[in-house]
Amino acid sequence: MAPSLYWWAKENHRGTPVVVKMENPNNWSMVELESPSDEDFLYQNDGVPKGGRNKNAKQLTWVILLKAHKAAGCLTSIASAFLSLSSIIRRRIASGRVDSTDTSSSENPAVKSRFFTSIKVFLSLSLLLLCFEIAAYFKGWHFETPDLHLHRLYTLTSGFAARDVFGLLYSKWVLIRAEYLAPPLQFLANACILLFLIQSLDRLVLCLGCFWIKFWNIKPVPKQDLTDLESGDAGGYFPMVLVQIPMCNEKEVYQQSIAAVCNLDWPKGRMLIQILDDSSDPETQSLIKEEVHKWQQNDANIIYRHRVMRDGYKAGNLKSAMNCSYVQDYEFVAIFDADFQPNPDFLTKTVPHFKDNEEVGLVQARWSFVNKDENLLTRLQLINLAFHFEVEQQVNGHFIDFFGFNGTAGVWRIKALEDSGGWLERTTVEDMDIAVRAHLHGWKFVFLNDVECQCELPESYEAYRKQQHRWHSGPMQLFRLCLPAIIKSKISVWKKANMIFLFFLLRKLILPFYSFTLFCIILPMTMFIPEATLPSWVVCYVPVTMSFLSLLPAPKSFPFIVPYLLFENTMSVTKFNAMISGLFQLGSAYEWVVTKKSGRSSEGDLASLVEKPTRGGTHQRGGSEPNLEEVKLLMEKELAKEKKKKKHNRIYTKELALAFLLLTAAVRSLLSAQGIHFYFLLFQGISFLLVGLDLIGEQVE
C-alpha cells in the first residue's frame, strides 16, 4: 500500500501554541509564540481525505516561519553564551594571573615546575604524534581492531607495503610501538585496572556496611538518660568541659563561631571557652579580643589567648592551650574550627556517650554546610563529604571503633589525648595523627551521624585546591612516620592490616595514584599506542557505578553524576601531586595554608538564638539579645568590606596543559573510531579546560 500524501496531517501537534496577529499577507506580527491547535489544521469539507485532517498551505507556511524563528532564537542564545565565555577567557588570559605567580601557593615551586614540565612534554609528544597519525590516515594507513595483532602488523608494514619514505617511517614506528612501547604500557594499565577494581570493591563493601546500619537502624546510644540533662538537676551528668576555637586571620567568621559556643546548653560554671587566636594581623587580633570582651561582660566563661611564637600551626596552638595549668580541672575538650557553628544541644548529645564507658576517647559529629548550593563547586564537594561522613566514618566507627578525627566538631577525653602523647607539630594533619596514636593505644571512637555542626565549604577553586593539597599530602607524611609504631603496637593483626592497607595505602595513596595515572596519562597514551588497550567497562561502566554509589548519601545531587565523575578525575592532578609531596617529604608537604572563608553564616540560626529566651538556674547560657543583634550588624559590615576588596580568578597551567593533552587524544581516537573512549576524552578534556580557566567555582567580576 502506498504511503499517504497527507502523513503530516496525522501528527500530534504538541508544544507551545502559536498566536499570530495578521492584518494582511504582507503585514504580520507575532504576539505570542504558541503551537497551533488541531482546529487550525482542518480542511474544508470538500477537501478532506477520508480519515485525515486538512491544512491550509498559508497556515503551514506560518508554522514553518515561526519554527524557524524559534530555532534562530536558540542559536542566538547559544552564540551569546559562547561569546560571553570567550570574553571571560580572553580577560583571564589578558590578566596574566596564573598559578605560577601565586606567592601563597602551598606547592614547592621546584616540584611544581618539574611536574608541569612533564605534562608539557607529554603534550608536545601527543601533538607531534597526532600530526603524524593524521598524515598517515590520509595516506591510507587505516588500522582497525583486527589489524592490531603482531603477525598482521608485520604483513601490513612490510617493505612491499611501504611504497615511499613516509610509509617506511610510519611502518617502523608501528613496529616499534607494537614490540617495545605497547607491552610495558599494557602492563602498567593492567596494574592500574587491578588497583581500580580493588578500590571499587572497598567502596562497595563500605556501602553494604552503611546499608546494614540503615536497615537495622543501628546507632550509638548513650548510657545516660537525656531527661536528666534537660532537667538541670544535681543528678545530671555535667562533667567539666573545655571548649577550644583555634583561629588564624579568620575575621570573616570569628563572630558567628564565638556566638555559637557561648550559647551552648551547658552549666556556665562547668564549661570554659578558649579562643586560641594565632592571627598575625593586628586588626584581626583586636577585633577578636573585643568580641571576647563583650561576651565576658555578658557572663560568658570565655578567655582570649594569643601566642607570641606561632610555631606548629594549629597543632602548636592546641598544644600550647593544653599546657595551661587550669586544664587539669577539666575532663573533656570540645574543638571547633573558626567557621563552625555548633547547635546549643551539641554537648548534651555528645558528652553522654562518655559516661560509664572509659574506653571511649573521641565522639565525632558530622558536618553540615550553610553554602552547599552556592555554586557547582560546593555541590560537588557536598557529594564527597556526604559519602565520607554517612558511609566511611559511620561504617568504620560501628565495625572497628576507629576513623580519622576530622579536626573539628568533636569531643575528646583529655586523658586519651595525654595518653597518646598530645598534639604533635610533625605533620599538617594533626587531627589524623592524634587519632592514629590514640587507636594504637587502645582508645575507641564513636561517630554520631545524627548530630550535625554547621560550617561552610570553600567557594573558590583556589581555596579548595589548597585545602585538598594539605589533606592529601599530610596523610603520606603521617604514614611514613607512623608505620614503625603501627607494626610494633599491641593492637590485633586485623586492626594493623586495616590501618596500613585500607586506611593509608588504599584510600590515601592508591586512590589518587590510579585516578591520575589511569585516566589522565595511560588512557591518552593508548590512543597513540593503540596496541595497548583499555576496556570500555574501565573507562565508562565501572566509574559510573562508583559515582552512583558515591551519590547515594546525597540523593538530591543525582543530576550532577556526570560533572562529579569528570571533576573527581580533574582533581586527581592536585591530589596526586600532593601525595607525591607528602610521600617523599618535599617542601610543600610541610606548609599550612588556612582555607579561605567567605563568612556565610546561617541568619536563621542567629535569629533563633535572639528569639530563644535565656533560662535561669544553674543550667543557662551566657548570652544576651542585644549582643546577638550586634553580631549580625557587624557581620554584615565585615562582608561589605570584603566585597570592596579586589579578587581575581586565576589560570591553572597544569590543568590547561592536561586539557589540551586529553583533547588531542580525543581527536586521535576518532581515527580509530573508538566511540566511548572519544566521548570520555572529549568531556574530560573540557572539564580540565573549565577548571584550568577557573570557571568551576566563585566567579569574580
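**Exercise 1.** Which residues does I275 touch, not counting residues up to four places away in sequence?

*Solution.* This is a predicted model, in which local features need pLDDT of at least 70, side-chain atom pairs count only at pLDDT 80 or more, and totals for chains, interfaces and linings use all residues. Residues are numbered from 1 along each chain as its sequence is written, and side-chain values use heavy atoms, with hydrogens and water left out. Taking contact to mean heavy atoms within 4.5 Å, we find that I275 touches I245, M247, I258, I288, V292, I302, I303, Y304 and R305.

**Exercise 2.** Explain why strand β4 is largely enclosed by the rest of the structure.

*Solution.* Strands are DSSP runs of E with at least two residues, helices are runs of H or I with at least four, and both are numbered from the N terminus. Buried means under 20% relative accessible area (1.4 Å probe, protein chains only). Seven of the seven residues of β4 (residues 271-277) are buried, so this strand is largely enclosed. Turning to directions, M271, I273, I275 and D277 point one way, while L272, Q274 and L276 point the other way.

**Exercise 3.** Which strands pair with β4?

*Solution.* Two strands pair if DSSP finds at least two bridges between them. Strand β3 (residues 241-247) pairs with β4 in the parallel sense over seven bridges, and M271 is the bridge partner of V241. Strand β5 (residues 302-306) also runs parallel to β4, joined to it by five bridges, with I302 as the bridge partner of I273.

Methods. Buried means under 20% relative accessible area, exposed over 50%, partly exposed in between (1.4 Å probe, protein chains only).
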